Amino acid sequence: MIRNAHEIDFQIFGEEMQYVEIELDPQEAVVAEAGSFMMMDEGIQMDTIFGDGSDKNNGFFGKVLGAGKRLLTGESLFMTAFQNVVTGKKKVSFASPYPGKIIAIDLNRFNHKFICQKDAFLCAAKGVSVGIEFSKKIGRGFFGGEGFIMQKLEGDGMAFVHAGGTTAVKELAPGEKLKVDTGCIIGFDASVDYDIQFVGGIRNTLFGGEGMVFATLTGPGTVYIQSLPFSRLASRVFAAAPQGGGKDKGEGSILGGLGNLLDGDNRF
């Protein structure tokens, strides 16, 4: 059943660290994950709600079930709703969690359903259902990187997802295949088939540095790819951080502290 989400206007600002500004008419609302809020006009009321605020799960037990499923994706039981409670248009803004792009997803263009990585969702018009998508193939569950669960956005409104780095959009023809690093997938529409394929070869597996598997996406449909998954960014930051009691051995240089001075690192 398609739900009637609030119709919202928006504008995306910035380049590397973007934010989306959403304009709300009186009584219109938007829902967001905790931690994405940036700023809002006076006259917008913020309220913590159980679940996503859609009417997909009617009744108390339906809401508990829907919210419980969200825990499996690592998200909170609660979301935050921002509603314009005064006359006149008001604005609320949500920011990117790390360098990348904010992508506006019009669910009407994706047959009212879009599948995305579990941490990609930023915010959406109230009425959009934010749920989970279980994989029917066990291979994805054990080797898919993101597990056998992805997030699904359903409804007829606007949703916003965040991608790390630069975004690539691929339009796959029927039967056309695209092989992608599992972490580099932002999302795709429901017509795209998603599976896991082993890299193959003992040398590739042990020494290739690209993991054991990659995702195979088969068209027809639209696929969004990111160049910098958060997991990759986090691993690089962790690798560069001082290890072992705070001692910094330098960027792998045998010069150590002298090397830091030569390359412009002025820490003393």
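Visitor: Let's start with two phenylalanines: are F82 and F94 buried or exposed?
Guide: Bear in mind that this is a predicted model, where local features need pLDDT of at least 70 and side-chain atom pairs count only at pLDDT 80 or more, while totals for chains, interfaces and linings use all residues. Residues are numbered from 1 along each chain as its sequence is written, and side-chain values use heavy atoms, with hydrogens and water left out. The cut-offs are under 20% relative accessible area for buried, over 50% for exposed, and partly exposed in between (1.4 Å probe, protein chains only). By that scale, F82 and F94 are both buried.

Visitor: How many aromatic pairs are there?
Guide: Rings of Phe, Tyr and Trp (its six-membered ring) pair if their centres lie within 6.5 Å; planes under 30 degrees apart are stacked, over 60 edge-to-face, and the rest tilted. Counting by this rule gives eight.

Visitor: What sort of pair do F37 and F82 make?
Guide: The ring centres of F37 and F82 sit 5.3 Å apart. Their planes meet at 15°, so the pair is stacked.

Visitor: How many residues apart are F37 and F82?
Guide: Strands here are DSSP runs of E, at least two residues long, numbered from the N terminus. F37 belongs to strand 4 and F82 to strand 6 (residues 78–84), so to speak of sequence, this pair links distant parts of the chain. The separation is 45 residues.

Visitor: Which class does F37 fall into, given its relative accessibility?
Guide: F82 has a relative accessible area of 2% and is buried. F37 comes out at 36%, so its class is partly exposed.

Visitor: And what type of pair do F82 and F94 form?
Guide: F82 in strand 6 and F94 in strand 7 are twelve residues apart. Ring pairs link F37, F82 and F94 into a cluster. For F82 and F94 the centres are 5.2 Å apart and the planes stand at 75°, so this pair is edge-to-face.

Visitor: Which residue of strand 7 stands opposite M39?
Guide: M39 lies in strand 4. Strand 4 and strand 7 (residues 90–95) are antiparallel partners over three bridges. Opposite M39 you'll find S93.

Visitor: Which strand gives the nonpolar patch its largest share?
Guide: Nonpolar patches join side chains of Val, Leu, Ile, Met, Phe, Trp or Tyr within 5 Å (like charges within 9 Å), using residues with over 30% relative accessible area and no salt bridge, meaning a Lys or Arg side-chain nitrogen within 4 Å of an Asp or Glu carboxyl oxygen. F37, M38, M39, M40 and M46 make up this one, with about 440 Å² of accessible area together (Shrake-Rupley, 1.4 Å probe, only the protein chains shown counting as cover). Four of the residues come from strand 4.

Visitor: How many residues of strand 19 are buried?
Guide: In a regular strand the side chains alternate between the two faces of the sheet. In strand 19 (residues 221–226), G221, V223 and I225 point one way and T222, Y224 and Q226 the other, and all are buried. The tally is six of six.

Visitor: Which residue stands opposite I225?
Guide: Strand 14 (residues 167–172) runs antiparallel to strand 19, joined by six bridges, with E171 opposite T222. Strand 16 (residues 185–189) also pairs with strand 19 in the antiparallel sense, over three bridges. There, the residue facing I225 is I185.

How values were computed. Two strands pair if DSSP finds at least two bridges between them.
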